[in-house]
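Dear colleague,

Here is the structure I said I would pass on. My notes on it follow below.

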Amino acid sequence: MFDYFFNSWASFIIFLLAVTYILILQYTARKESRPRKLSEPELLAKLARVGPHSEYDLFYIAAREWHVPGTRVESDFKAYLLEGFIPYYVNSYLRKMISEDDQIYRPPFTFGGGSLPWLK
């Protein structure tokens, strides 16, 4: 049976390239699946996804504690949407609301000990 598949060097080389490609994918998946600290935009999105409030609402809730006017909150939220900039009052609110364990990214799907890179 193996003689049928490996009757020429070309098919054997293609088989070796395929196996090498799969091994490289596995190595990359394990490397990418290591826990890492979440960035502020990721924390904000996580808090919005888990809680009852949207990201927009979280900006206003955080602004109440620092007495930031609504016009500034609007412009800061636009800057967040366009550039990913998170103002100081939202960072402060995020640090209060998110515990240390919630700040670590763990991949949702593991295959052979690591996440597949195309699932991010």
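Where is Pro87 found? Pro87 sits in the loop between H5 and H6; helices (H or I, at least four residues) and strands (E, at least two) are DSSP runs, numbered from the N terminus.

Two remarks on the basis of what follows. The model is predicted, so local features need pLDDT of at least 70 and side-chain atom pairs count only at pLDDT 80 or more, while totals for chains, interfaces and linings use all residues. Residues are numbered from 1 along each chain as its sequence is written, and side-chain values use heavy atoms, with hydrogens and water left out.

Overall

The protein chain has six helices and two strands, in the order α-α-β-α-α-α-α-β along the sequence. Of its 120 residues, 28% count as buried; buried means under 20% relative accessible area, exposed over 50%, and partly exposed in between (1.4 Å probe, protein chains only). The accessible surface of the protein chain is about 8,800 Å², and 63% of this belongs to carbon and sulfur atoms. Areas come from the Shrake-Rupley method with a 1.4 Å probe, and for residues only the protein chains shown count as cover. Among contacts (heavy atoms within 4.5 Å) between residues at least 6 apart in sequence, 59% join residues at least 24 apart.

Pro87 is buried, with a relative accessible area of 2%. Leaving aside neighbours within four places in sequence, Pro87 is in contact with Phe59 and Asp76.

Asp76 belongs to helix H5 and is buried, at 9% relative accessible area. Not counting residues up to four places away in sequence, Asp76 touches Phe59, Phe85, Pro87 and Tyr89. Tyr89 is one of the buried residues of helix H6 (residues 88–97), along with Val90, Asn91, Ser92, Tyr93 and Leu94. The buried residues of H6 pack against helix H3 (40–50), helix H4 (55–66) and helix H5 (70–83).

Salt bridges

A salt bridge is a side-chain nitrogen of Lys or Arg within 4 Å of a carboxyl oxygen of Asp or Glu. A search of the whole structure finds two.

One joins the side chains of Asp76 and Arg72 (3.7 Å, N to O). The two residues are four apart in helix H5, about one helical turn. Arg72 counts as partly exposed, at 38% relative accessibility, whereas Asp76 is buried.

Another joins the side chains of Glu65 and Lys96 (2.9 Å, N to O). Glu65 lies in helix H4 and Lys96 in helix H6, so this pair ties together parts that are 31 residues apart in sequence. Glu65 is partly exposed, at 40% relative accessible area, and Lys96 is exposed, at 56%.

Aromatic pairs

The structure holds seven aromatic pairs. Rings of Phe, Tyr and Trp (its six-membered ring) pair if their centres lie within 6.5 Å; planes under 30 degrees apart count as stacked, over 60 as edge-to-face and the rest as tilted.

The ring centres of Tyr56 and Tyr60 are 5.2 Å apart and the planes are at 65°, so this pair is edge-to-face. Both residues lie in helix H4, four residues apart, about one turn of the helix. Tyr56 is partly exposed, at 32% relative accessible area, and Tyr60 is partly exposed, at 26%.

Phe59 and Phe77 also form an edge-to-face pair, at 5.1 Å centre to centre and 80° between the planes. This pair links distant parts of the chain, with Phe59 in helix H4 and Phe77 in helix H5, 18 residues apart. Phe59 and Phe77 are both buried. Tyr56, Phe59, Tyr60, Phe77 and Tyr80 form one aromatic cluster.

Surface and loop

Trp9, Phe12, Ile13, Phe15, Leu16, Leu17, Val19 and Leu23 form a nonpolar patch on the surface, with about 830 Å² of accessible area together. Patches are made of residues with over 30% relative accessible area and no salt bridge; like charges are joined within 9 Å, and nonpolar side chains (Val, Leu, Ile, Met, Phe, Trp, Tyr) within 5 Å. Ile13 is in helix H2 (residues 9–32) and is partly exposed, at 46% relative accessible area.

His67, in the loop between H4 and H5, has a positive phi of about 55° although it is not a glycine. His67 is exposed, with a relative accessible area of 71%.

Regards
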